[in-house]
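Visitor: I would like to go through this structure one question at a time. Please show it first.

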Amino acid sequence: MHQVLSACEDRMKKTLASLKDGFTAFRTGRASASLFDKIRVDYYGNKSPLNQVANISVPEARLIVIQPWDKNLIGEIEKAIRSSELSLNPSNDGKVIRIAIPPLTEDRRKELAKQAKNQTEQGRVAVRNIRRDGNDELKKLLKDGKLTEDEEAKHGEELQKLTDSYIEKLNQALEEKENEIFER
């Protein structure tokens, strides 16, 4: 019975982690090394994550500096950034790549906030589906005689509390992301 609740909680944790991971791909007006988490660079025939072939630093709020460990990679890194969905324009001096993060337009901020809301709603639906699966499992255990009606009701209440807490965590993640998007 506790296995049902812990399995549901594990799935809810993964849903929250997935939402937060999805949020890292959003380019807000602030420079962040996590923008490049999904960028892969062709490194001697292998597609390697950018952070494994270069040092990424944020010396100022709107500037990112990428220093490849192998100077021959500068062209590949620039190409990977230009072809990404980030709409950034890198420049290099032969040693490092500098990327100025332009401020977002109001329309772009609204669009990003809308995308964040949509992703959060998908997360809420996923959490509610996990709750439904958990309740179905509890009903099956009741039917099989492995739970009493009181135990099933008690575990159902615990599952609802768990669901409410994860919905709140998703909402909190959305609020933090919206604050970041609309930050000036």
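Visitor: Is Tyr44 buried or exposed?

Guide: Relative accessible area under 20% means buried, over 50% means exposed, and anything in between is partly exposed (1.4 Å probe, protein chains only). Tyr44 has a relative accessible area of 63%, so Tyr44 is exposed.

Visitor: What kind of model is this?

Guide: Residues are numbered from 1 along each chain as its sequence is written, and side-chain values use heavy atoms, with hydrogens and water left out. Local features need pLDDT of at least 70, side-chain atom pairs count only at pLDDT 80 or more, totals for chains, interfaces and linings use all residues, and the model is predicted.

Visitor: Where is the place of Tyr44?

Guide: Helices (H or I, at least four residues) and strands (E, at least two) are DSSP runs, numbered from the N terminus. Tyr44 is not a glycine, yet has a positive phi of about 50 degrees. Tyr44 is in the loop between strand 1 (40-43) and strand 2.

Visitor: Which residues does Asn51 touch, not counting residues up to four places away in sequence?

Guide: Asn51 sits in the loop between strand 2 (46-49) and strand 3 (54-60). Asn51 is partly exposed, at 44% relative accessible area. With contact taken as heavy atoms within 4.5 Å, and residues up to four places away in sequence not counted, Asn51 touches Asp37, Ile56 and Trp69.

Visitor: What separates the C-alpha atoms of Asn51 and Ser34?

Guide: Asn51 and Ser34 are 17 residues apart along the chain. Between their C-alpha atoms the separation is 9.3 Å.

Visitor: Is helix 1 roughly parallel or antiparallel to helix 3?

Guide: Axes are lines fitted to C-alpha atoms, for helices over the stretch in contact, and angles run from 0 to 180 degrees between N-to-C directions. Angles under 35 degrees count as roughly parallel, over 145 as roughly antiparallel, 65 to 115 as roughly perpendicular and the rest as oblique. Helix 1 and helix 3 pack at about 170 degrees, with axes 10 Å apart. Therefore helix 1 and helix 3 are roughly antiparallel.

Visitor: How many charged residues are in the contact of helix 3 with helix 4?

Guide: The axes of helix 3 and helix 4 cross at roughly 170 degrees and come within 10 Å, so these helices are roughly antiparallel. Ala, Val, Leu, Ile, Met, Phe, Trp, Tyr, Cys and Pro count as nonpolar, Asp, Glu, Lys and Arg as charged, and the others, Gly among them, as polar. The contact has 13 nonpolar and 9 polar residues, and its charged residues number 11.

Visitor: How many salt bridges are there?

Guide: Side chains of opposite charge can pair when their charged atoms come close. A salt bridge is a side-chain nitrogen of Lys or Arg within 4 Å of a carboxyl oxygen of Asp or Glu. By this rule the count is 12.

Visitor: What is the N to O distance between Glu76 and Lys79?

Guide: Glu76 and Lys79 are 3 residues apart in helix 2 (residues 74-82), so about one helical turn separates them. Glu76 is partly exposed, at 26%, and Lys79 is exposed, at 53%. Their side chains meet in a salt bridge, with an N to O distance of 3.8 Å.

Visitor: How far apart are the closest N and O atoms of Lys154 and Glu158?

Guide: Lys154 and Glu158 lie in helix 4, 4 residues apart, about one turn of the helix. Both are partly exposed, Lys154 at 47% and Glu158 at 28%. The closest N and O atoms in their salt bridge are apart by 3.7 Å.
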